[in-house]
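Please look over the sequence and the three-dimensional model shown here before reading on. The report that follows takes up the strands, the loop between two of them, some single residues and the pockets.

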Amino acid sequence: MTNAHVAGTRLGRTVQVEVESQGNERIQASIIMAAYSDRTLADWAILKTVQPYQKVPPVKMSKDRPTGR
């Protein structure tokens with residue numbers, strides 16, 4: 001998952017992702033879901049790696065809105 005203003009919102013678009021936890025290794029991924037609006041908190045893109053990639057452990061996601069500044 002990343003920000004849509006970074007990856008874009010066009011479904012199927014292929015982007016290059018730097019995996020910081022793996023020494024900035026670069027992998028290909030495609031956008032499978034996205035939303036962006038400058039009037040709401042919608043600024044996300046879900047990416048799916050093109051080649052199999054299992055080096056990064058999954059992170060649990062929250063349904064709660066962010067709080068604070």
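## Terms and basis of the model

Helices and strands are taken as DSSP runs, a helix being a run of H or I with at least four residues and a strand a run of E with at least two, and both are numbered from the N terminus. Two strands are said to pair if DSSP finds at least two bridges between them.

The model is a predicted one, in which local features need pLDDT of at least 70 and side-chain atom pairs count only at pLDDT 80 or more, whereas totals for chains, interfaces and linings use all residues. Residues are numbered from 1 along each chain as its sequence is written, and side-chain values use heavy atoms, with hydrogens and water left out.

## Overall layout

The protein has one helix and three strands, and from the N terminus on these elements follow each other as α-β-β-β. Along its principal axes, the C-alpha trace of the protein spans about 35 × 25 × 20 Å. Of the 69 residues in the protein, buried residues make up 17%; here buried means under 20% relative accessible area, exposed means over 50%, and partly exposed lies in between, with a 1.4 Å probe and protein chains only.

## The sheet

The three strands form an open sheet in the order β1-β2-β3, and the pairing is antiparallel. The edge strands are β1 and β3, each of which pairs on one side only. Neighbouring strands of this sheet are turned by 50° against each other on average, direction ignored; for such angles, axes are lines fitted to C-alpha atoms, for helices over the stretch in contact, and angles run from 0 to 180 degrees between N-to-C directions.

Between β1 and β2, the antiparallel pairing runs over six bridges. Within this pairing, T14 stands opposite S30 in β2, and V17 stands opposite I27 in β2. Strand β1 also holds V15, which is buried because its relative accessible area is 11%. Although V15 and I31 are 16 residues apart in sequence, their C-alpha atoms are 7.7 Å apart in space.

## The hairpin and its loop

Strand β2, residues 25–36, and strand β3, residues 43–49, pair in the antiparallel sense over seven bridges. M33 has I46 in β3 as its bridge partner, and A35 has W44 in β3 as its partner. How many residues does the hairpin use to join β2 to β3? The hairpin joins β2 to β3 through six residues.

S37 counts as partly exposed because its relative accessibility is 25%. The side chain of S37 reaches the backbone nitrogen of R39 at 3.2 Å. From S37 to Q51 there are 14 residues in sequence and 30 Å in space, C-alpha to C-alpha.

A42 is also found in the loop between β2 and β3. Is A42 buried or exposed? A42 is buried, since its relative accessible area is 18%. A42 and R69 lie 27 residues apart in sequence, and the C-alpha atoms of A42 and R69 are 17 Å apart in space.

## The pockets

On a 1 Å grid over the protein atoms alone, a pocket is an open set of points with protein on both sides within 12 Å along at least five of seven lines, whereas a cavity is a set of points where a 1.4 Å probe fits but cannot get out; lining residues have an atom within 4 Å of a point. Grid points are joined across faces, edges and corners, and a volume is the space filled by probe spheres set on the points.

The largest pocket has a volume of about 630 Å³. Its lining is made up of 21 residues, of which M1, T2, V17, L47 and T49 lie nearest the centre of the pocket. To this lining α1 (4–7), β1 (14–19), β2 and β3 each supply at least two residues. By class, the lining has 16 nonpolar, three polar and two charged residues, where Ala, Val, Leu, Ile, Met, Phe, Trp, Tyr, Cys and Pro count as nonpolar, Asp, Glu, Lys and Arg as charged, and the others, Gly among them, as polar.

The second largest pocket holds about 310 Å³ of space. Among the residues that line the second largest pocket are M1, L41, D43, W44 and P66. By class, the lining of the second largest pocket has five nonpolar, one polar and four charged residues.

Conventions. A polar contact is a pair of N or O atoms within 3.5 Å; within protein, one must be able to donate a hydrogen and the other to accept it, and residues adjacent in sequence count only if both atoms are side-chain atoms.
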